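Biologist: Can you put the model up? I'd like to go through its pockets and its packing.

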Amino acid sequence: MLLGVTGNIGAGKSTFCAFLKSFGLPVYSADDIGKELLKKNAPAYGPVVEAFGKQILRPDGEISTKKLADLVFREPEKLKLLTSITHPLILERIAQIGSKHPLAVVEAAVMVEYGWQEHFDKVAVVFAYRGQRILRAARKFGIAEALRRDSLQLPYGEKLKYAHYLICNTDSPLHLKEQAEKLAKELEVL
(Lines give C-alpha, C1' and ligand atoms only; values in the text may rest on other atoms or scores of the structure.)
Protein backbone atom coordinates (compact mmCIF):
# COMPACT_ATOMS: atom_id res chain seq x y z
CA MET A 1 0.00 0.00 0.00
CA LEU A 2 1.18 3.48 -0.89
CA LEU A 3 0.18 6.33 1.45
CA GLY A 4 0.47 9.87 0.17
CA VAL A 5 0.90 12.65 2.74
CA THR A 6 -0.06 16.16 1.70
CA GLY A 7 -1.08 19.50 3.17
CA ASN A 8 -0.31 23.15 2.61
CA ILE A 9 2.98 24.91 3.28
CA GLY A 10 3.99 24.89 6.94
CA ALA A 11 1.34 22.33 7.93
CA GLY A 12 3.88 19.91 9.38
CA LYS A 13 3.98 17.24 6.67
CA SER A 14 7.70 16.62 7.06
CA THR A 15 7.47 16.41 10.85
CA PHE A 16 4.56 14.00 10.59
CA CYS A 17 6.47 11.88 8.06
CA ALA A 18 9.54 11.88 10.33
CA PHE A 19 7.35 10.47 13.11
CA LEU A 20 6.00 7.79 10.74
CA LYS A 21 9.58 6.91 9.83
CA SER A 22 10.50 6.65 13.53
CA PHE A 23 7.76 4.01 13.83
CA GLY A 24 9.44 1.92 11.13
CA LEU A 25 7.59 2.93 7.97
CA PRO A 26 9.61 3.57 4.80
CA VAL A 27 9.14 7.27 4.03
CA TYR A 28 10.06 9.15 0.85
CA SER A 29 9.72 12.78 -0.22
CA ALA A 30 8.55 13.79 -3.70
CA ASP A 31 10.70 16.93 -3.34
CA ASP A 32 13.78 14.83 -2.60
CA ILE A 33 13.01 12.54 -5.53
CA GLY A 34 12.72 15.62 -7.76
CA LYS A 35 16.08 16.96 -6.55
CA GLU A 36 17.68 13.56 -7.13
CA LEU A 37 16.36 13.54 -10.70
CA LEU A 38 18.03 16.93 -11.33
CA LYS A 39 21.55 15.69 -10.49
CA LYS A 40 24.14 15.23 -13.25
CA ASN A 41 23.55 12.01 -15.17
CA ALA A 42 19.99 11.75 -13.79
CA PRO A 43 17.05 11.69 -16.24
CA ALA A 44 15.83 15.27 -15.74
CA TYR A 45 19.23 16.99 -15.79
CA GLY A 46 19.69 17.35 -19.55
CA PRO A 47 16.12 18.38 -20.39
CA VAL A 48 16.01 20.93 -17.55
CA VAL A 49 19.36 22.52 -18.47
CA GLU A 50 18.25 22.63 -22.10
CA ALA A 51 14.94 24.28 -21.12
CA PHE A 52 16.32 26.84 -18.65
CA GLY A 53 19.90 27.39 -19.75
CA LYS A 54 23.26 27.24 -18.04
CA GLN A 55 22.30 30.16 -15.78
CA ILE A 56 20.78 27.61 -13.38
CA LEU A 57 24.06 25.72 -12.97
CA ARG A 58 26.44 25.97 -10.03
CA PRO A 59 30.20 26.23 -10.71
CA ASP A 60 30.50 22.43 -10.33
CA GLY A 61 27.98 21.91 -13.14
CA GLU A 62 25.16 20.70 -10.90
CA ILE A 63 21.78 22.41 -11.09
CA SER A 64 21.27 25.01 -8.37
CA THR A 65 17.81 24.14 -7.07
CA LYS A 66 17.65 27.59 -5.46
CA LYS A 67 18.30 29.37 -8.78
CA LEU A 68 15.82 27.09 -10.51
CA ALA A 69 13.16 27.67 -7.82
CA ASP A 70 13.70 31.45 -7.94
CA LEU A 71 13.15 31.30 -11.69
CA VAL A 72 10.11 29.02 -11.86
CA PHE A 73 8.18 30.18 -8.81
CA ARG A 74 8.01 33.70 -10.22
CA GLU A 75 6.75 32.75 -13.68
CA PRO A 76 3.85 30.26 -13.96
CA GLU A 77 4.77 29.26 -17.52
CA LYS A 78 8.28 28.28 -16.45
CA LEU A 79 6.89 26.29 -13.54
CA LYS A 80 4.58 24.50 -15.96
CA LEU A 81 7.57 23.70 -18.20
CA LEU A 82 9.60 22.34 -15.28
CA THR A 83 6.75 20.17 -14.02
CA SER A 84 6.15 18.81 -17.52
CA ILE A 85 9.72 17.50 -17.42
CA THR A 86 10.03 16.35 -13.82
CA HIS A 87 6.57 15.16 -12.76
CA PRO A 88 6.32 12.12 -15.05
CA LEU A 89 9.76 11.03 -13.79
CA ILE A 90 8.78 11.59 -10.15
CA LEU A 91 5.58 9.59 -10.61
CA GLU A 92 7.59 6.79 -12.21
CA ARG A 93 9.83 6.68 -9.11
CA ILE A 94 6.81 6.73 -6.82
CA ALA A 95 5.39 3.73 -8.70
CA GLN A 96 8.73 1.94 -8.21
CA ILE A 97 8.56 2.68 -4.47
CA GLY A 98 5.05 1.24 -4.36
CA SER A 99 6.15 -1.96 -6.08
CA LYS A 100 9.22 -2.32 -3.84
CA HIS A 101 7.44 -2.06 -0.46
CA PRO A 102 4.22 -3.64 0.81
CA LEU A 103 3.65 -0.36 2.68
CA ALA A 104 5.39 2.95 1.99
CA VAL A 105 4.76 6.64 2.60
CA VAL A 106 5.43 9.48 0.16
CA GLU A 107 5.25 13.13 1.20
CA ALA A 108 3.97 15.19 -1.73
CA ALA A 109 2.96 18.78 -0.96
CA VAL A 110 1.26 19.49 -4.29
CA MET A 111 -0.33 16.06 -4.73
CA VAL A 112 -3.87 17.33 -5.23
CA GLU A 113 -2.83 20.40 -7.23
CA TYR A 114 -1.39 18.06 -9.87
CA GLY A 115 -3.86 15.16 -9.57
CA TRP A 116 -1.33 12.72 -8.11
CA GLN A 117 -3.79 11.40 -5.51
CA GLU A 118 -4.83 8.79 -8.08
CA HIS A 119 -1.37 7.20 -7.73
CA PHE A 120 -1.86 6.47 -4.02
CA ASP A 121 -3.97 3.87 -2.25
CA LYS A 122 -4.64 6.22 0.68
CA VAL A 123 -4.13 9.94 1.29
CA ALA A 124 -3.40 11.66 4.60
CA VAL A 125 -3.90 15.43 4.76
CA VAL A 126 -1.97 17.30 7.45
CA PHE A 127 -3.95 20.33 8.59
CA ALA A 128 -2.89 23.46 10.48
CA TYR A 129 -4.46 26.90 10.66
CA ARG A 130 -3.20 29.41 8.11
CA GLY A 131 -1.57 31.65 10.73
CA GLN A 132 0.33 28.71 12.19
CA ARG A 133 1.44 27.54 8.76
CA ILE A 134 2.64 30.94 7.59
CA LEU A 135 4.64 31.50 10.79
CA ARG A 136 6.30 28.08 10.42
CA ALA A 137 7.06 28.59 6.73
CA ALA A 138 8.30 32.15 7.30
CA ARG A 139 11.09 30.77 9.48
CA LYS A 140 12.38 28.89 6.46
CA PHE A 141 11.49 31.15 3.51
CA GLY A 142 10.69 34.59 4.95
CA ILE A 143 7.18 35.98 5.26
CA ALA A 144 6.77 37.26 1.69
CA GLU A 145 7.88 33.96 0.14
CA ALA A 146 5.76 31.92 2.57
CA LEU A 147 2.67 33.96 1.64
CA ARG A 148 3.43 33.71 -2.07
CA ARG A 149 3.90 29.94 -1.95
CA ASP A 150 0.77 29.56 0.16
CA SER A 151 -1.21 31.45 -2.49
CA LEU A 152 -0.19 28.85 -5.10
CA GLN A 153 -1.70 25.95 -3.16
CA LEU A 154 -5.29 24.77 -3.16
CA PRO A 155 -7.43 25.50 -0.10
CA TYR A 156 -7.93 22.65 2.35
CA GLY A 157 -11.53 22.16 1.23
CA GLU A 158 -10.23 20.80 -2.07
CA LYS A 159 -7.58 18.57 -0.51
CA LEU A 160 -9.95 17.11 2.05
CA LYS A 161 -12.11 15.68 -0.74
CA TYR A 162 -9.37 13.10 -1.27
CA ALA A 163 -8.40 12.48 2.37
CA HIS A 164 -8.69 9.05 3.90
CA TYR A 165 -6.99 10.41 7.04
CA LEU A 166 -7.06 13.93 8.50
CA ILE A 167 -4.05 14.74 10.64
CA CYS A 168 -4.59 17.80 12.82
CA ASN A 169 -1.39 19.72 13.59
CA THR A 170 -2.84 22.61 15.55
CA ASP A 171 -1.61 21.42 18.94
CA SER A 172 1.76 20.21 20.24
CA PRO A 173 4.39 18.09 18.49
CA LEU A 174 3.50 15.35 20.98
CA HIS A 175 -0.09 15.33 19.69
CA LEU A 176 1.23 15.07 16.12
CA LYS A 177 3.48 12.16 17.16
CA GLU A 178 0.52 10.39 18.79
CA GLN A 179 -1.47 10.69 15.55
CA ALA A 180 1.49 9.30 13.59
CA GLU A 181 1.76 6.35 15.95
CA LYS A 182 -1.96 5.64 15.71
CA LEU A 183 -1.85 5.77 11.90
CA ALA A 184 1.30 3.63 11.72
CA LYS A 185 -0.40 0.95 13.84
CA GLU A 186 -3.56 1.13 11.73
CA LEU A 187 -1.65 0.86 8.45
CA GLU A 188 0.36 -2.13 9.63
CA VAL A 189 -2.93 -3.91 10.34
CA LEU A 190 -4.55 -3.08 6.97
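Biologist: What volume does the second largest pocket have?

Modeller: About 160 Å³. A pocket is an open set of 1 Å grid points, over the protein atoms alone, where a 1.4 Å probe fits, with protein on both sides within 12 Å along at least five of seven lines. The volume is the space filled by probe spheres set on the points.

Biologist: Before we go on, what are the ground rules?

Modeller: This is a predicted model, so local features need pLDDT of at least 70 and side-chain atom pairs pLDDT 80 or more, while totals for chains, interfaces and linings use all residues. Residues are numbered from 1 along each chain as its sequence is written, and side-chain values use heavy atoms, with hydrogens and water left out.

Biologist: Which residues line the second largest pocket?

Modeller: Y28, S29, D32, I33, E36, R93, Q96, I97 and K100. Lining residues have an atom within 4 Å of a grid point. α5 gives the largest share, four residues. Helices (H or I, at least four residues) and strands (E, at least two) are DSSP runs, numbered from the N terminus.

Biologist: And the largest pocket, how much space lies in it?

Modeller: About 1600 Å³. Its lining has 48 residues, with D31, F73, A109, F141 and R149 nearest the centre. Helices that each supply at least two lining residues include α2 (30–37), α5 (76–100) and α9 (173–189).

Biologist: How does that lining split by class?

Modeller: 21 nonpolar, 13 polar and 14 charged. Asp, Glu, Lys and Arg count as charged; Ala, Val, Leu, Ile, Met, Phe, Trp, Tyr, Cys and Pro as nonpolar; the others, Gly among them, as polar.

Biologist: Switching to α4. Which of its residues are buried?

Modeller: L68, A69, L71 and V72. Buried means under 20% relative accessible area (1.4 Å probe, protein chains only).

Biologist: What about S64, buried or exposed?

Modeller: Buried, at 10% relative accessible area. S64 is in the loop between α3 and α4. Beyond neighbours within four places in sequence, S64 is in contact (heavy atoms within 4.5 Å) with I56, L57 and R58.

Conventions
Buried means under 20% relative accessible area, exposed over 50%, partly exposed in between (1.4 Å probe, protein chains only).
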